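Me: I'm new to this one. Can you walk me through it in short answers?
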Amino acid sequence: MLNGTSVIDAIRHDIVSGALQPGTRVTEAFLAERHGVSRVPVREALRGLEGEGFVVSRPNAGSRIADIPFDEADDLFAVRESLETATARRAATRARTLFDAPAPPEDWWRVRRELGEVLDAGDAAVARDELDLLVDLNERFHLLVAELSGSSTLATLLRQLSRKIEWLYALDTSSRGKRLWPDHRRILASIDAGDVDQAAERMAWHVRESRIGYAARTSPDRAADLRAAGPAVSAAGPADLRAAGPAVSGSARPDVSGSAGSSSGP
């Protein structure tokens, strides 16, 4: 049986994954039956989720899944854009420092292998058109890149933002997830190659494209402005970055001699 912590995690996952859409009215009885628990932990979970901004509760009106105002969503994307550009830059810088090392440390290989597994799982999900799986895989990829950067500060900041960011991602997975998923291999290829500027630019445009896609649903003018301006780090457009450079292989071990090629894993 789920404990109190697991109940809030399970309901939060329902929200972030899109199983419970914004505006949906939810009751303690419904959630208790859904997760096989009593109403008491559900009540506590709803209070916690209200504090996190996922649920809105009103006296005599019950609870509903919150909406994210467009301005707040755009601010979240702006913060994410800056943060993830920094993580990609740091990860590529770290990879470059490993070129002359006898072998990368085991913690680096552990994260890099897991990134490869995430890429392979995402490719398989896209091939099967199981796009709902991309929500969790997308979150895992970005958190692992932050971990690969070696910066605990950046990883912690991204982890704090990740739940609401993936909520935004889940709301538009069908239109953007399949199109943007291949960006992840290109980003990782630049990181593996130690190409700091390209890694930062590819990540910046990847997040900007998500931001543009979200804006296009409610504010086409804002979406057009975001595309015209481009990320602060960028000198090229998204199409140029998708055309440039190799796509890294998934679970294969990257060549840390300076290229984005691969060889057999350890």
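Reply: Start with residue classes: Ala, Val, Leu, Ile, Met, Phe, Trp, Tyr, Cys and Pro count as nonpolar, Asp, Glu, Lys and Arg as charged, and the others, Gly among them, as polar. By that scheme, the lining of the largest pocket has seven charged, two polar and one nonpolar residues.

Me: What should I know about the model and its numbering?
Reply: This is a predicted model, where local features need pLDDT of at least 70, side-chain atom pairs count only at pLDDT 80 or more, and totals for chains, interfaces and linings use all residues. Residues are numbered from 1 along each chain as its sequence is written, and side-chain values use heavy atoms, with hydrogens and water left out.

Me: What do pocket and cavity mean here?
Reply: Both are found on a 1 Å grid over the protein atoms alone. A cavity is a set of points where a 1.4 Å probe fits but cannot get out. A pocket is an open set with protein on both sides within 12 Å along at least five of seven lines. Lining residues have an atom within 4 Å of a point.

Me: Which residues line the largest pocket?
Reply: Asp9, Arg12, His13, Val16, Asp136, Glu139, Arg159, Ser162, Arg163 and Glu166. The pocket holds about 230 Å³ of space. A volume is the space filled by probe spheres set on the points, with grid points joined across faces, edges and corners.

Me: Which helices supply at least two residues each to that lining?
Reply: α1 (4-16), α6 (134-148) and α7 (152-170). Helices (H or I, at least four residues) and strands (E, at least two) are DSSP runs, numbered from the N terminus.

Me: Switching to strands. What is the order in the sheet?
Reply: The order is β1-β3-β2, in an open sheet of three strands with antiparallel pairing. β1 and β2 stand at the edges with a single partner strand each, so one side of each has no neighbour in the sheet.

Me: Which face of β3 is covered?
Reply: Ser63 and Ile65 make up the covered face of β3 (residues 62-65), and Gly62 and Arg64 the uncovered one.

Me: And α10, how many of its residues are buried?
Reply: 18 of its 23 residues are buried. Buried means under 20% relative accessible area, exposed over 50%, partly exposed in between (1.4 Å probe, protein chains only).

Me: How many aromatic pairs turn up?
Reply: Two, in a search of the whole structure. Rings of Phe, Tyr and Trp (its six-membered ring) pair if their centres lie within 6.5 Å; planes under 30 degrees apart count as stacked, over 60 as edge-to-face and the rest as tilted. Phenylalanine 77 and tyrosine 214 have ring centres 5.8 Å apart and planes at 50 degrees, so that pair is tilted. Tryptophan 108 and tryptophan 109 have centres 4.9 Å apart and planes at 75 degrees, so they are edge-to-face.

How values were computed: Two strands pair if DSSP finds at least two bridges between them.
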